[in-house]
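Subject: Structure handover

Hello,

Here is the structure I promised to pass on. My notes on what turned up follow below it.

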Amino acid sequence: MGLFSRLFGKRSELASNEQLPVVQIPDSDERMNWAIEKARATMHHFQDCLSAPTPAQQYFSVKVLIDDGNNREHLWLTTPSFDDEGNLYGEVGNKPVYVSSVNINQRIGIDPRFITDWMIIENGRLIGGYTIRAIREGLPDHELVDFDRQVGLYIDEGVDYFVHDFSTPEGAILCLEDAYDEHDIEKAVSCKNFHEEAKLLLKKMNDRFNSPEIVEATAEVLRLSFIKNLEDNGFPVFHNLLRAFPERTKITDNLYLITECCIFPDGGKSRQQLYTFRDEDGWKVLNVVG
């Protein structure tokens, strides 16, 4: 029986004296922090699926942070539901190790601010489960086979469900790709920040003459070149691709390097890296490859 079926699907078969493995991750772990942020940013997809599940979606669970005043612990809640105010309810799915305020099988309610992950099992495939993926990615290669065997689920690159808007770097990239699919040059231009792209490009060129005038002139060249490239060579196609964002590297508070994985209908994959910058209108795409 796989680790997750032991944890959630068939708890009655779990011996009372059997201790399940506990993985401790420091709060400073960047991979885990990114996993939690990604889970929160894509929670809307979990809620949509929960409200209208397909026959293939066999299992739903949400991980939450429990703080009893002395200790903190992340626990999975099974049979989740939400009220009209967005509060989460569910049964504690694994036996607490550090906190004493809740017990296994206890149904609790919790503010959505304390959600740290979500997962759906769809025909044996893991959807979401970002903290699980983060743990897996941190393992050496020789431990991956055993981890996958214990989990008992198919774990691929996954598909990320960021909202297509400018509230996140990933959402800004998706907006740009939407503009490509719509063959809308004006919309594509609105997804970019050529001024910051020019500054970053000049910096990479070690250009000491990056005065405001040079930056503005370079930005205009980049804008015109971007438009001409689309007019001459056509628009990239993204509408039939699945997309995941496995890495987000922080350069500054307003500048992130995003890794995007595109999965083609034939199973082929490609990766690209894109800089994104947050201006007064939200995140925009710079397209200067790292």
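Is Phe162 buried or exposed? Phe162 counts as buried, because its relative accessibility is 3%. (Buried means under 20% relative accessible area, exposed over 50%, partly exposed in between, with a 1.4 Å probe and protein chains only.)

Some ground rules. This is a predicted model: local features need pLDDT of at least 70, side-chain atom pairs count only at pLDDT 80 or more, and totals for chains, interfaces and linings use all residues. Residues are numbered from 1 along each chain as its sequence is written, and side-chain values use heavy atoms, with hydrogens and water left out.

Aromatic pairs

The whole structure holds eight aromatic pairs. (Rings of Phe, Tyr and Trp, the last by its six-membered ring, pair if their centres lie within 6.5 Å; planes under 30 degrees apart count as stacked, over 60 as edge-to-face and the rest as tilted.)

Tyr256 and Trp283 make a tilted pair, with 5.0 Å centre to centre and 35° between the planes. Tyr256 sits in strand β8 (residues 255-263) and Trp283 in strand β10 (residues 282-285), 27 residues apart. Tyr256 is buried at 14%. Trp283 is buried at 4%.

One aromatic cluster is formed by Phe46, Phe60, Trp118 and Tyr130.

Charges over rings

Lys192 lies over the face of Phe226, 5.0 Å from the ring centre. (The test: NZ of Lys or CZ of Arg within 6 Å of the ring centre and within 35 degrees of the ring normal.)

A loop residue

Asn94 lies in the loop between β3 (88-92) and β4 (107-110). At 13% relative accessibility, Asn94 counts as buried. Its side chain reaches the backbone nitrogen of Trp76 at 3.1 Å.

Best wishes

Notes: Helices (H or I, at least four residues) and strands (E, at least two) are DSSP runs, numbered from the N terminus. A polar contact is a pair of N or O atoms within 3.5 Å; within protein, one must be able to donate a hydrogen and the other to accept it, and residues adjacent in sequence count only if both atoms are side-chain atoms.
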